[in-house]
Amino acid sequence: MSKEMEQRSLDPEFEQEAVPKHYRKSLGSIVAVWFGFPMQLFSAVFGGTVVAQLGFVNGALSMLLGNLALFIFVGFLSYRAGETGLNFNLLAKESFGKRGYYLVSGLLAVVVIGWFAVNVGLTGAMMHNTFGYNEILMIIVGGLIYIVITFLGIKALSVLGWIAAPLYVVLSIVAIVFAVKSGVTGILEYKPVASSAGAITMGMVASMVFAGFADSGTMTADFTRWSKNGKEAVLASITAFPLGNFVAQIVGGIVVATGVIPDAVTNGGNILMVLTGHGSFLSLVSVLFVFISLGSVCTHCLYNGAIGWSHMTGKGMRSITVILGVIGIIAALSGIWGKLPEWFNLLGILVPPIGTIMIMDQIIFRKTHKSALERSWRPLAFVTWVIASGISLFINFNAPQLSVAIMSVVATVMVYLICKTVVPRNASLVFEDSDKSVQSGDLD
Ligand SMILES: O=c1cc[nH]c(=O)[nH]1
C-alpha cells in the first residue's frame, strides 16, 4: 500500500513531522494509550517472582522504586513530546544529529520488535500451558490480530487501552478474592522462599523494573506527541509509571503472598492459574484476557517499531507494520521469548543513557542546547553514550547487586555534565563534525 493510499483511507500518523495542534487528542485518549500498556500479564508474573524471592514488603518497595524512577524518566520525555508534537525519531535527531540518530532509533526500533516477538510468543505459551491450545496456532492467530490493530493506528491503540486496563483491574480483583479465600491472609508478613534467599537484591529488582520499560519509555514521544500539551502528556505517562505498571506487578505479588501459587519462584504471579477452574464463563473471559492484555503490549511495541522504521526509510507506517509484524511472528515461532533475561541486561545498559542525554539536552540545558538537527552527528551525545554504557557494563559485571539501569542514568548525567562543562570547548579533541558546521574540538 502506497503512503498516499494509506493516508487517504486512514488517519495520518505523522511519521515525518510534528502532530499538528488540531490533530492532538484528549487527555483520556492518551491516558488509555499509556495506562493500558504496562497492564500486562507478564507484569503480574514478574511481580510474583519478585515477591517470592524478596518477601512482600521488600519486593513491593523495590518495584515501587523502579517505577518511580521510570516516572521521572518517562515524565520528562513525555513533557517534551507533548510540547512539540514530535515523535521519538525527530526528538532524537535534535540530540544525536541527522545521521547519528539512525543508530539510536535503529537500536530501539529493533529492540521493540524483540518485545513484540517476546509477547507474541508469550501469547502462544500462555494459551497452551493454561488452556491447552496449540501453541503455534495461537502465536500465528495472536500475531495477526495484533498486526491488524496496529495497522489501524493510534486511535485503535487508544480503544484497546480502554478495554485492556479496566479488564486487567477487574480480573485482578477477582483473582485476589479467589486467592485470599483459598490461601493465607497475612500478605504483609510473606517471607521469601527459602531456596531463593540472596538470589536477587532490591537494587536488582528496581533495575529490572526500570530496564523492563526503558525501551518503550524512551520512545514515549510516539504516544505522547498526540497530547494537547506537555502537562497532559506527563499526566498520561503517570498513569503508566508508577501507577499502571506497579498495580500490574503488585497484583502478582499479592497472589503469590497468599501462597496459592505452587512453585512461586518459577510460576510467579500468573493470575491465570487462579482464574481458571471457576466455570466456563470465567475461562472464556480469561482466554480473551490473554489476547487483550498481551495484545495491548504487542500493538504498542509494533507501533513504536513501525513509526521508527517508517521515519528512517521514508515508507508509510502501515506497510512497515505488516513487514515488522511478520518478522516478529517468525521470531516468536523460533522461541525468542525464552531469552527474556538477556534482554533485560542489554536494555538496562545501553538504553537508559539515550533518553537521559535527550532529557539533559532538551529539558535541563534547554536554554543553551544547540539543536543538532543541522549536523550529521553530535560528539557530546555519542561520547556520553559510550562512556556511560561502559560504566554500566562495569557495574553490571562487578556490582550487579546495585541497580544497574538506574546507575546507568546517574552515570550518564555525570558524564554529560563533565563533557559539557569541564572539557574545555577549545581543547584539541578529535571530535570533529563531518559537516564542518562544528569547529574541531567543540564537543557539544
Ligand atoms: O515490557 C515491555 C514491553 C514493551 N516495551 C518495553 O519497553 N517493555
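The residues that line the largest cavity divide into 12 nonpolar, seven polar and one charged. This is a predicted model, so please take what I say as a description of the prediction. The lining comes to 20 residues in total, and those nearest the centre of the cavity are Q40, F42, W115, G212 and F213. The space inside the largest cavity is about 210 Å³.

Which helices supply at least two residues each to that lining? They are helix 3, at 41-54, helix 6, at 101-131, helix 9, helix 11, at 230-257, and helix 14. Helix 9 gives the largest share of the lining, with six residues. In total, the structure has three cavities of 30 Å³ or more.

Now the ligand. Where does the ligand sit? The ligand is in the largest cavity. Around the ligand we find F37, Q40, W115, G212, F213, D215, S216, V297 and C301. Taken alone, the ligand would expose 240 Å², and 97% of that is buried by the protein.

That shell around the ligand divides into five nonpolar residues, three polar and one charged. By element, helix 9, spanning 202-218, and helix 14, spanning 280-313, each supply at least two residues of the shell. Helix 9 has the largest share here, four residues.

For G212, a backbone N or O atom is 2.5 Å from a nitrogen atom of the ligand. For S216, a polar side-chain atom is 2.7 Å from a ligand nitrogen atom. So that you can find them on the screen: G212 is also among the residues nearest the centre of the largest cavity.

Next, the second largest pocket. Its volume is about 170 Å³. The lining consists of A69, I72, F73, F76, F210, T356, I359, M360, I364, I406, V409 and V413. Two or more of these residues come from each of helix 4, at 56-84, helix 17, at 352-364, and helix 19, at 404-422. How does this lining divide into nonpolar, polar and charged residues? There are 11 nonpolar residues, one polar and no charged.

Last, the two backbone details. F241 and P242 are joined by a cis peptide bond, with omega at about 10°. P242 is in helix 11, and helix 11 is one of the helices that supply at least two residues to the lining of the largest cavity.

The other detail is F14. F14 is in the loop that runs between helix 1, residues 3-9, and helix 2, residues 27-36.

That is what I have.

Notes. Residues are numbered from 1 along each chain as its sequence is written. This is a predicted model: local features need pLDDT of at least 70, side-chain atom pairs count only at pLDDT 80 or more; totals for chains, interfaces and linings use all residues. Side-chain values use heavy atoms; hydrogens and water are left out. A residue is near a molecule or strand if one of its heavy atoms lies within 4 Å of it. A polar contact is a pair of N or O atoms within 3.5 Å; within protein, one must be able to donate a hydrogen and the other to accept it, and residues adjacent in sequence count only if both atoms are side-chain atoms. Accessible areas come from the Shrake-Rupley method with a 1.4 Å probe; for residues, only the protein chains shown count as cover. On a 1 Å grid over the protein atoms alone, a cavity is a set of points where a 1.4 Å probe fits but cannot get out, and a pocket is an open set with protein on both sides within 12 Å along at least five of seven lines; lining residues have an atom within 4 Å of a point. A molecule sits in a cavity or pocket if more than half of its atoms lie within 2 Å of its grid points. Ala, Val, Leu, Ile, Met, Phe, Trp, Tyr, Cys and Pro count as nonpolar, Asp, Glu, Lys and Arg as charged, and the others, Gly among them, as polar. Grid points are joined across faces, edges and corners, and a volume is the space filled by probe spheres set on the points.
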